[in-house]
Amino acid sequence: MKNWLVIFFICVGVHGWGQSDTLYEENLRKVADIVFSELNPNLYDANLLNRSFSSNEITINQIKGNYSQIHSIVEFFSLYQDIAYSYIDSTKLMSVKQLGDFINTEFANNESTSVEDVLIQPFGFLLHNVSIIDSNSYIDSNFSRNNFSLIPLDNEEDFYSKIQLKSGTLIEFYPESGYLKGNIKYVPDLISISDDISNLHLSINVGNGFVPFNSINNLIEYDRTTDSLIGTLAFDYLRNDTLVYDTLTFYLTTKGEEVEKSNGTYWEYVTSYSNSTPIDFEIGTILGCGNETTYARRPIIIIPPYRPSIQPFSMQKYFTQFNVGNLFNKLSDLGYDVFFIKLQPGNESLELAAQAVSEYITMINQNKAEGFPNENWENIVIGYSMGGQITRYALKKMEKDHMESGSPHHHTRLFVPYDSPHLGANIPMFTQLVYSLFSESNIFAYLSFAALIDEASQDMSIAHVVGSDFIPQAGTNIVRIYPDITCRRTQFVNSLTNGFNHQFTSLTDTRRSFPTFTRNIAVSTGSNTQDYNELYNLNPGKLLFSQNGLTVGYFGLNYKLRRLYAAKYAPDHTLFRIKDQIVTLGIPITIYNKDFRAEYGEEYEMSQSGFKDEFYDKAPTGACFVLRSNAFFLLGQRHYENHMGFLPMVSALAINKDIWGLGNLHYNLKDERLMYNKFNFIIGIDESETHGYPNLGHPSDHFNITPFEAVYCDPQTYDHIKLIETVEDANDDTPGSYDPSYLDYTTEFIVNEVEAQNVFLQNKTIGNNHVQWDPNFTYKAWYKAQNKLTIGSLVTPKTDPGDYVIEATGNITVYAGQEINLKPGFHSQQGSEFHAYIEYDCYPVGGKSAQNTQNESKISKEVMFNENNVSQSVQKIENERIEISIYPNPSKAEVTVLFPVNLEGDFEIVNSIGALIQKNSVPSNYKSEVKLDTGIYFLHYQSNLGHKLIKQIIIL
């Protein structure tokens, strides 16, 4: 072996790896055909392992007779590729593209044909006897060269020997799928043997003994929660009339990691839904308090993120990942029905997915009307990542169609995109280049490239290889890139910006491409303050990853030079530099020699962002991993710390580009006064430490900054939408302290927007949110608060000031647990209907549908309440449960106390230190006017039947 190495180093010196005497070909199969074209394939049975130019450790070990290693999916595909290249007949095994397309189709079919939410994974098996030229054959001068072809000398048949290559693995790209059970599937096209092998029989043991594994018994279930993670494949076959028995072990999860154990199902129901599109739904449901039927009552519809076909994801996994801070449970406890949709497939075009979601929203609205005909709760829609874009498109198009043709209204009041790419998602151009360049020679690069160019990814990407121009510079190895978006994204954005506008669309600010009839808020998983240059040692144009050196493979000496650079908004900037060369059996070969340079690339890698290491340094899809897997033992060096940006905060919150600007992606939400939690117009006062509402420093113009009426982004940066997993995976090397309590603030933010203790309604016209030309159309909506509901013109900092108007075509119902306040700015015009109730949060099935209308307050003429007549309206709202109402509260001097009707009792008022102030019996009219000095007081009530209540009174 030492002599062999010496010869190759001599070759390097003699040939100098010069361009003139080096074979240059980027297709490795073509290289093999040129180098070995003069050899006689009849003498090596048409497969010659040397043709692969392998630097794969698994292949090298098996050449040396070491078969002990358990193969993961990475090792299996590396060996598959080496065997595929060894054959003269390129159709003997699938090419990388054919294999990738087959796997994508297989996973998609398994999901679409399954009637239940189950995990089905194909199994791959390789058993090939291949020929190989002993590396010493060249030293013995058994070959000469004719240009770049190897010419055999005497006794060519003596140069070859046979070795066996074998591997078995579960084809699993995402082991953390959340399934408790798995099914190993027999797929004939992934069972590959050489022609000299026959009568193959397979058996698998996953902990319960060996069972046959074939086309008849083609599914074997296994438990993914057991402590044993190793399966065994036993096989026997005939070769040269000899019966051979053998075994292989394989991981039951690709990483050899145990799946999280669970005590049971999280959803109350998991059902299926089909629509007019090729996209099917699996729907996980939790019914809200007060709804014991299967009908939707107060729907919250949740749309998930992008999911490639090779990524199975259980409904249980979705629950675990997104029920952060018990979000779903808290919403259902408030009486909301949670519907979480799993798209099958999860990577179709956004337009097609939006059509499917639109049909589902329409069905939900019909479902509401059927199940609760006298209630009209509006929908809430939450979209994670791609789900936010699907929902944005669906809602905006539904508004357009409703206004123009009277098609069904979306009847949605709140739209919550969660880390969604409103300005696009950043898949770094250097990563896209690695995928593209290696897509013919590396299965993981190809699968990543296939996902990169699917319709959903093209719809969302900021700069894309498909939309960008690549111009080779004549006479050099330089390729100039002019980054741009795809035609698909251009059409998608144009539809949102121009195609779906209607008479109430705002055309003068950032709201133009967002739905008009909903309150729109947004969440980002980037940091609200951090500068990622400081946090992760990043700067524009920075060298991120490098390889440079010689490696020795079994078939030759390899030279690897690779460089990956962060984007830079400048001309002629290198993003990806690659030079790969090999000397095999004396023939120098240049495989790649390219310098990809971008013209003014946007610097999103350095931006405040939810990160996604799958595109950078994470196996098996990271760009750095792909380069390492093609460089034998040359690991290379990473030059940045931890993470780089994927979903920029400025994109997730749709910050106006004219404000944050190119080349300056650090945007401090607090410094820019976009995050406050107090109603205060003084700049710099009451700045929120964790979360808050829109730009109180800009009460009238924040829509020029962001289209959202509230934004949230905590001080930490998370893996894009993985949330608690980011905190759990953080180690001591991660800068900063990950505090899981911040995720509770995220949940609090969303829950408070869905329904707070105290709900405030302002700046809305019921009548300007539906068709104007249909006199028979009435828009009906219900609202509730756990404690107090207030309506007026300037009652909350959570949205712009403005009157709340119910026009003649409006029918609005509100109720609250304690009190309802009508403030200046509330209008219920002639012909409209307004109903108000004091009621507990949750009540039996049927709710208000079954209640007597004597307890409602109807307003059928135009009125404007001022501070003096608010109490007159509230006095009409009686309480049918054992409850006390106090209004106004807080007050400046006097409050009115309404006691439970038809119940005698006593009450006393004490101050904050417990001193008795008043003590009286409940008046015969069950109402008492109480005058108090400034302070905090407590009213203690006890009925003659033993009911006890305590209420706080605040006098300002």
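Mentor: Let's begin with contacts, where contact means heavy atoms within 4.5 Å. Leaving aside neighbours within four places in sequence, Ala234 is in contact with His201, Leu202, Ser203, Phe210, Asp246 and Thr247. Before we go on, note that this is a predicted model, in which local features need pLDDT of at least 70 and side-chain atom pairs count only at pLDDT 80 or more, while totals for chains, interfaces and linings use all residues. Residues are numbered from 1 along each chain as its sequence is written, and side-chain values use heavy atoms, with hydrogens and water left out.

Trainee: In which strand is Ala234 found?

Mentor: Ala234 is part of strand β11, residues 230-239. Such names come from DSSP runs, numbered from the N terminus: helices are H or I with at least four residues, and strands are E with at least two.

Trainee: How far apart are Ala234 and Asp246 in sequence and in space?

Mentor: They are 12 residues apart in sequence, and their C-alpha atoms are 6.0 Å apart in space.

Trainee: How do I describe two helices that pack together?

Mentor: Two packed helices are described by the angle between their axes and the distance between the axes. The axes are lines fitted to C-alpha atoms, for helices over the stretch in contact, with angles from 0 to 180 degrees between N-to-C directions. Take helix α5 (residues 96-113) and helix α12 (residues 443-452): they pack at an angle of about 60°, with axes 9 Å apart. α5 and α12 are therefore oblique to each other. For that word, angles under 35 degrees count as roughly parallel, over 145 as roughly antiparallel, 65 to 115 as roughly perpendicular, and the rest as oblique.

Trainee: Is the crossing of α5 and α12 left-handed or right-handed?

Mentor: α5 passes α12 in a right-handed crossing. A crossing is left-handed if the near helix is turned anticlockwise from the far one by less than a right angle, and right-handed if clockwise. On the α5 side, Val96, Lys97, Leu99, Gly100, Asp101 and Asn104 meet Ile443, Tyr446, Leu447 and Ala450 of α12. These contact residues divide into 6 nonpolar, 2 polar and 2 charged. In this scheme Ala, Val, Leu, Ile, Met, Phe, Trp, Tyr, Cys and Pro count as nonpolar, Asp, Glu, Lys and Arg as charged, and the others, Gly among them, as polar.

Trainee: How do α11 and α12 cross?

Mentor: The axes of helix α11 (residues 429-438) and α12 come within 8 Å and cross at roughly 120°. α11 and α12 are therefore oblique to each other, and their crossing is left-handed. Gln432, Tyr435, Ser436 and Phe438 of α11 make the contact with Ala445, Ser448, Phe449 and Leu452 of α12. By class, that contact has 5 nonpolar, 3 polar and no charged residues.

Trainee: Now for the cavities. How many of 30 Å³ or more does a search of the whole structure find?

Mentor: The search finds 11. On a 1 Å grid over the protein atoms alone, a cavity is a set of points where a 1.4 Å probe fits but cannot get out, and lining residues have an atom within 4 Å of a point. Grid points are joined across faces, edges and corners, and a volume is the space filled by probe spheres set on the points. The largest cavity holds about 400 Å³ of space. Its lining has 26 residues, with Ser55, Gln81, Ser441, Ser629 and Asn630 nearest the centre.

Trainee: Which element gives the most to that lining?

Mentor: That is α4, with 5 residues. By class, the lining of the largest cavity has 11 nonpolar, 11 polar and 4 charged residues. The second largest cavity holds about 130 Å³. Of its 16 lining residues, Asn110, Glu111, Val118, Tyr179 and Pro312 are the closest to its centre. Here α5 gives the most, with 3 residues.

Trainee: What should I look for in the backbone?

Mentor: Most residues other than glycine have a negative phi, and most peptide bonds are trans. In this model, the peptide bond from Gln344 to Pro345 is cis, with omega near 0°, and Pro345 lies in the loop between β16 and α9 (350-371). The bond from Ala619 to Pro620 is also cis, with omega near 0°. Asp572, in the loop between β23 and β24, has a positive phi, near 55°.

Note on methods: 1 Å grid on protein atoms, 1.4 Å probe; cavity = no way out; pocket = protein on both sides within 12 Å on 5 of 7 lines; lining within 4 Å.
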